[in-house]
Amino acid sequence: MIDDLYSARILTLAANLPHAGRLAAPEGTGERVARLCGSKAIVDVALDDTGRVADFAQDVKACALGQAAAGVLGESVLGSTVAELLDTREAMLAMLKSGGDGPTGRFEGLRVLRQVADYPARHASTMVAIEATLEAVQAALAARTRLAGAA
């Protein structure tokens, strides 16, 4: 059963992390840690004029499942909106906790992690990159709002 959890696809995603590193001048940064296992993600973003993710970097230290989620995220995040990221987070949580189908659209690849639902101790590590990305985008949008209000 544990072999199904660490499929070849998950291990491939975990080994090939797109956009690894940090941005030199991010508009927003998010950081999440899974307390149970210590998996950690730090995400930097820059947004375009419409608030979509234009640049993205991630520093992820996680188990293979957390790395795999970060891999899918890194493949698909450019051009995404805060609404898409919110929907993705909610769809992932529903998939992991209540048998939901999982994300659709640009983040549908996260469905490869469906079997993690059977391992509650792995849910938080699977979510760290998604949560950190959402936090980074929200921080960037909030910073823009503060700047616009000060002008």
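Student: Which residues in α3 meet α5?

Tutor: This is a predicted model, where local features need pLDDT of at least 70, side-chain atom pairs count only at pLDDT 80 or more, and totals for chains, interfaces and linings use all residues. Residues are numbered from 1 along each chain as its sequence is written, and side-chain values use heavy atoms, without hydrogens and water. Contact means heavy atoms within 4.5 Å. On the α5 side stand Ser-125, Thr-126, Ala-129, Ile-130 and Thr-133; they meet Leu-65, Gly-66, Ala-69, Ala-70 and Leu-73.

Student: At what angle do the axes of α3 and α5 cross?

Tutor: Axes are lines fitted to C-alpha atoms, for helices over the stretch in contact, with angles from 0 to 180 degrees between N-to-C directions. Helix α3 spans residues 64-76. Its axis and that of α5 come within 6 Å and cross at roughly 35 degrees.

Student: Is Ser-125 buried or exposed?

Tutor: Ser-125 is found in helix α5. Its relative accessible area is 1%. Buried means under 20%, exposed over 50%, partly exposed in between (1.4 Å probe, protein chains only). Therefore Ser-125 is buried.

Student: Which backbone oxygen does the side chain of Ser-125 reach?

Tutor: The distance is 3.0 Å.

Student: How are α4 and α5 oriented to each other?

Tutor: Helix α4 covers residues 82-98 and helix α5 residues 123-150. They pack at an angle of about 160 degrees, with axes 10 Å apart. Angles over 145 degrees count as roughly antiparallel. So α4 and α5 are roughly antiparallel.

Technical notes:
Helix = DSSP H or I, 4+ residues; strand = E, 2+ residues; numbered from the N terminus. Parallel < 35°, antiparallel > 145°, perpendicular 65-115°, else oblique. Polar contact = N/O pair within 3.5 Å; in protein donor to acceptor, adjacent residues only side chain to side chain.
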